[in-house]
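Take a look at the model below.

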Number of protein chains: 2
Amino acid sequence: MGLAKKVIEGDIRAAARLIRNIDDEAPDAIEELKKIYPKTGNAHIIGITGSPGVGKSTLVDKLIKGFRADFKTVGVVALDPTSPFTGGAILGDRIRMQDHSLDKGVFIRSLATRGCLGGLSYSTNGVIKVMDAMGKDIIIVETVGVGQSEVEIVNSCHTSIVVLAPGLGDDVQMIKAGILEIGDIFVINKSDKDGAEKVENDLRVMLDMNSKSEDEWKPPIYKTVATMDKGVKNLIEGIYEHKKWLVSSKEMEAQIKENLKLEFLKILQTKLMAAIMKKVSEKGLIEKIVDDLYNKSKDPYSMAEEVIKKF
Amino acid sequence: MGLAKKVIEGDIRAAARLIRNIDDEAPDAIEELKKIYPKTGNAHIIGITGSPGVGKSTLVDKLIKGFRADFKTVGVVALDPTSPFTGGAILGDRIRMQDHSLDKGVFIRSLATRGCLGGLSYSTNGVIKVMDAMGKDIIIVETVGVGQSEVEIVNSCHTSIVVLAPGLGDDVQMIKAGILEIGDIFVINKSDKDGAEKVENDLRVMLDMNSKSEDEWKPPIYKTVATMDKGVKNLIEGIYEHKKWLVSSKEMEAQIKENLKLEFLKILQTKLMAAIMKKVSEKGLIEKIVDDLYNKSKDPYSMAEEVIKKF
């Protein structure tokens, strides 16, 4: 039986293998993804982002438990901070796997994308599809920090949660200004610590400045102490609220279409680059180009135009 | 007189305008970049990365002062954390500009790249070129956090500095594992604070595990208290040392060539995507594709293959 069919039937080992193939950028992974595509689109995809140190991992752990208590199956895609560099095994993943290893309703995978061509978002989209096709009700995408890749990953999610915490220095304030636009829900974790109130006030001021019209979603702020499982139940209710709003406001359809568009363009870009890479790697073409650039007899912009014209 | 010529003569207003055009992805910026390209390649490009809260901005400030004391001219490209989201004006930039506004040997610019096509690294490379052509001896690229875009930006630098600080939570430890490979020099800032020793020990253990052969560069660790200008002079000496090693080991040439290759591919990718975007935007093609994907009558992978075949 094909890998795709097994995945759709919820086979964990098949799903794990397909995810590994996606992460390894194995060419036949695409063929399997094509086959599972019609079975996707049922999961509620939740993005969780925030600086290192805000307690995202613990919060995700408690969210898993909360969703399970509501009889929902959960998939987690953890984008490991070490991944772009080491491309190696992931500590946090292994540790957290143990916690839920006896629960067949939970499926956790870390992505260690080398990201040669399409980057993190390309693989992430594939892995989300696998978990979606497996029938997971909730898929949590846990990412790190604020950056280009986070924006792209937000594009794969229905509900984006931004986690803040007190005591992380002034730079955090600057980041906040940048995350206002991506957060559907804000969480102040470690809310029992000194400075939590200040973080909340600052955030509220910024959200108020970023005022919304009547029919737009107004991002709520939840306070949690994930280590003690405090406030997580409320947060989960908030997540359900956002989903309800997405559906009733027809925002869900618009968002899904926008996400599909971006994903399609990303796939197109990745495939094109693979084709181009193959071309320029032939007959030492790229080495010759680099030599010309190094000697400054050509500039990279004109050179790129030349290469494109050739094809 | 053309913008490029003025930039090469060191005209600050011309440089500022060209940078704005690059950031805005104005098409004629490329033509100017072509013209300045032969005048680039003289600056020592230094990347500074680290999580929010480690005190990068202050450290960069003190580095500027240190390099100026050595009679070197300095350019700074600050990649603002808010940029991918807001695409707006940058606070930190304005504040820091004032500090050095009377010094013509310092040129600071923040990048607020919307990053539609080529992303942050594409614009950053352009801005580095402008400062290089202006004749800046040192160009500092200040970036935030650890992620896909940081890896790409490291590819534009000769010397990569990773800044750590005590008191930023356990997640930092995980990040460290990922940054070992990109750091030519490590800095523990706020080294007068509790926990600095632990950060240093942990880092040293990890660097030792990541052992290097005889002729490879061994990343040193510097301790600083940037707010009090402590340890910065030593760090600057370390930066000069690394440059010396790069040149004497012939690593500089290899690195520049590798960077040129990656930059060229990035430009190629950006140009290709722009061409493709133009094509699929014609006659509502992309809307039709998205509808097919939404209805699941097509999958995005097959669709991308179809589009590529058509061209």
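In this predicted model, strand S1 (residues 44–49) of chain A pairs with strand S5 (residues 159–164) of chain A in the parallel sense. Four bridges link S1(A) and S5(A).

S1(A) has another partner. Strand S4 (residues 138–142) of chain A runs parallel to S1(A), and five bridges join them. Here you can look for A:Gly47, which stands opposite A:Val141 in S4(A).

Next come the helices. Start where the two chains meet in one pair: helix H14 (residues 300–310) of chain A and helix H12 (residues 251–281) of chain B. Their axes come within 9 Å and cross at roughly 55 degrees. An angle like that is neither roughly parallel nor roughly perpendicular, so H14(A) is oblique to H12(B). The crossing of H14(A) past H12(B) is right-handed. Which residues make the contact? From H14(A) come A:Pro300, A:Tyr301, A:Met303, A:Ala304, A:Glu305, A:Val307 and A:Ile308. H12(B) supplies B:Leu260, B:Glu263, B:Phe264, B:Ile267, B:Leu268, B:Lys271 and B:Leu272. Sorted by class, the contact of H14(A) with H12(B) has eleven nonpolar residues, three charged ones and no polar ones.

The other pair lies within chain B. Helix H4 (residues 56–69) of chain B packs against helix H11 (residues 232–248) of chain B at an angle of about 70 degrees. The axes of H4(B) and H11(B) are 10 Å apart. Angles of 65 to 115 degrees count as roughly perpendicular, so H4(B) is roughly perpendicular to H11(B). H4(B) also passes H11(B) in a right-handed crossing. On H4(B), the contact is made by B:Lys62, B:Leu63, B:Gly66 and B:Phe67. On H11(B), it is made by B:Val232, B:Lys233 and B:Ile236. By class, the contact of H4(B) with H11(B) has four nonpolar residues, two charged and one polar.

Technical notes:
Residues are numbered from 1 along each chain as its sequence is written. Chains are lettered from A and ligands numbered from 1 in the order in which they are written. This is a predicted model: local features need pLDDT of at least 70, side-chain atom pairs count only at pLDDT 80 or more; totals for chains, interfaces and linings use all residues. Axes are lines fitted to C-alpha atoms, for helices over the stretch in contact, and angles run from 0 to 180 degrees between N-to-C directions. Angles under 35 degrees count as roughly parallel, over 145 as roughly antiparallel, 65 to 115 as roughly perpendicular and the rest as oblique. A crossing is left-handed if the near helix is turned anticlockwise from the far one by less than a right angle, and right-handed if clockwise. Two residues are in contact if their C-beta atoms, placed from the backbone, lie within 7 Å. Ala, Val, Leu, Ile, Met, Phe, Trp, Tyr, Cys and Pro count as nonpolar, Asp, Glu, Lys and Arg as charged, and the others, Gly among them, as polar. A residue is buried if 20 or more other C-beta atoms lie within 10 Å of its own, exposed if 12 or fewer, and partly exposed in between; C-beta atoms are placed from the backbone. Two strands pair if DSSP finds at least two bridges between them.
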